[in-house]
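Please walk me through this structure in plain terms. I have not looked at it before.

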Amino acid sequence: MRARFPDFRLGNVPATSFTATLTERRGNAVERIPTPQRLVDWLAVSGLAVESCTTAQLELARELRESIHAAATATAIQDALPTSAIHIINDCSIQGRAAAILTPEGNRQWRLSSASCVEDALSVIAADAISIIAGERDGKLALCASPTCQAVFFDTSQSRTRKWCDMNTCGNRQKKARFNANQHKNETAARTGVI
Ligand SMILES: [Zn+2]
């Protein structure tokens, strides 16, 4: 029987979908790629399918993930970029040999140099991170308003006022917390006659 692992939180931006494989960084952290196979699964659903992954490749992937998280967070709060994170992102970008392929339907696909080359897949994610951190794309890096999350996400809303990394998780939880707090206030007010 296959063990049950936490689901992925996928978005439109590969770099921040990748950093979202570790959630609740400021609370009870949830590791969503706990094994090499889960990284293989994540890459498959992200259009970067590989056949296998070693423990060392998983470690490299997590190192890249945390570097993207650190650099993107620094960008979101307008802080200086951490040098070590820049090195790791650049190394990953340089080491991969992935090619963009145009399909007959007019879509872009990634072709890796070999099916076992996790490094190629990581280079695509590193390049994606570079383009959003460099401010080349239409959108703004921001931090999730949930105090236990503070995940970095790429806000493409017109007003650039998105608050949550994910509306279905952090956004919803916050809404429920507010609802419960109001409920409690109303009940207390009803009991004490202060409305
Ligand atoms: Zn969040």
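The residues that donate to the zinc ion follow the spacing C-x4-C-x15-C-x4-C in the sequence. They are C144, C149, C165 and C170, each through its SG atom, and these donors lie 2.3 Å from the zinc ion. A donor here is an N, O or S atom within 2.8 Å of the metal (3.2 Å for Na, K and Ca), and water is not among the atoms, so sites may look incomplete. The site is tetrahedral, with angles of 105 to 117 degrees among the four donor atoms. Four donors count as tetrahedral if all angles lie between 85 and 135 degrees. The ideal angle for four tetrahedral donors is 109.5 degrees.

This is a predicted model, in which local features need pLDDT of at least 70 and side-chain atom pairs count only at pLDDT 80 or more, while totals for chains, interfaces and linings use all residues. Residues are numbered from 1 along each chain as its sequence is written, and side-chain values use heavy atoms, with hydrogens and water left out.

Helices (H or I, at least four residues) and strands (E, at least two) are DSSP runs numbered from the N terminus. C149 is buried, at a relative accessible area of 3%, and C170 is buried at 1%. Buried means under 20% relative accessible area, exposed means over 50%, and partly exposed is in between (1.4 Å probe, protein chains only).

The protein chain as a whole has six helices and six strands. Starting at the N terminus, its elements run α-β-β-α-α-α-β-β-α-β-β-α. The C-alpha trace spans about 70 × 45 × 40 Å along its principal axes. Of the 195 residues, 38% count as buried.

Helix α3 (55–76) has 22 residues, which at 1.5 Å a residue should span 32 Å; the end C-alpha atoms are 31 Å apart, which agrees. The expected span is 1.5 Å times one less than the number of residues. Among the buried residues of α3 are L58, L64, R65, I68 and H69. S67 also lies in α3 and is buried, with a relative accessible area of 6%. From S67 to P104 there are 37 residues in sequence and 36 Å in space, C-alpha to C-alpha. Just after α3, Q78 has a positive phi of about 55 degrees.

Strands β3 (residues 98–102) and β4 (residues 108–112) pair in the antiparallel sense over five bridges. Two strands pair if DSSP finds at least two bridges between them. A98 has L112 in β4 as its bridge partner, and L102 has R108. The two strands form a hairpin with five residues between them, and G106 in the turn takes a positive phi of about 85 degrees.

Helix α5 (residues 118–133) has 16 residues and should span 22 Å at 1.5 Å a residue; its end C-alpha atoms are 23 Å apart, in agreement. Of these 16 residues, 13 are buried, so α5 is largely enclosed by the rest of the structure.

What is in the largest nonpolar core? It holds 35 residues, of which F18, L39, L43, L64, I68 and I125 touch the most other members. The elements giving two or more residues to this core are α1, α2, α3, α4 (83–95), α5 and β6, and the largest share, nine residues, comes from α5. A nonpolar core is a set of buried Ala, Val, Leu, Ile, Met, Phe, Trp, Tyr and Cys residues joined through side-chain atoms within 4.5 Å.

A search of the whole structure finds one aromatic pair. F18 and W42 form this tilted pair, at 5.0 Å centre to centre and 50 degrees between the planes. Because F18 lies in helix α1 (residues 14–19) and W42 in helix α2 (residues 36–45), the pair ties together parts that are 24 residues apart in sequence. Rings of Phe, Tyr and Trp (its six-membered ring) pair if their centres lie within 6.5 Å; planes under 30 degrees apart count as stacked, over 60 as edge-to-face and the rest as tilted. F18 is buried at 0% relative accessibility, and W42 is buried at 1%.

Terms used. Four donors count as tetrahedral if all angles lie between 85 and 135 degrees; four count as square planar and six as octahedral if opposite donors are over 155 degrees apart and all others between 65 and 115; anything else is irregular.
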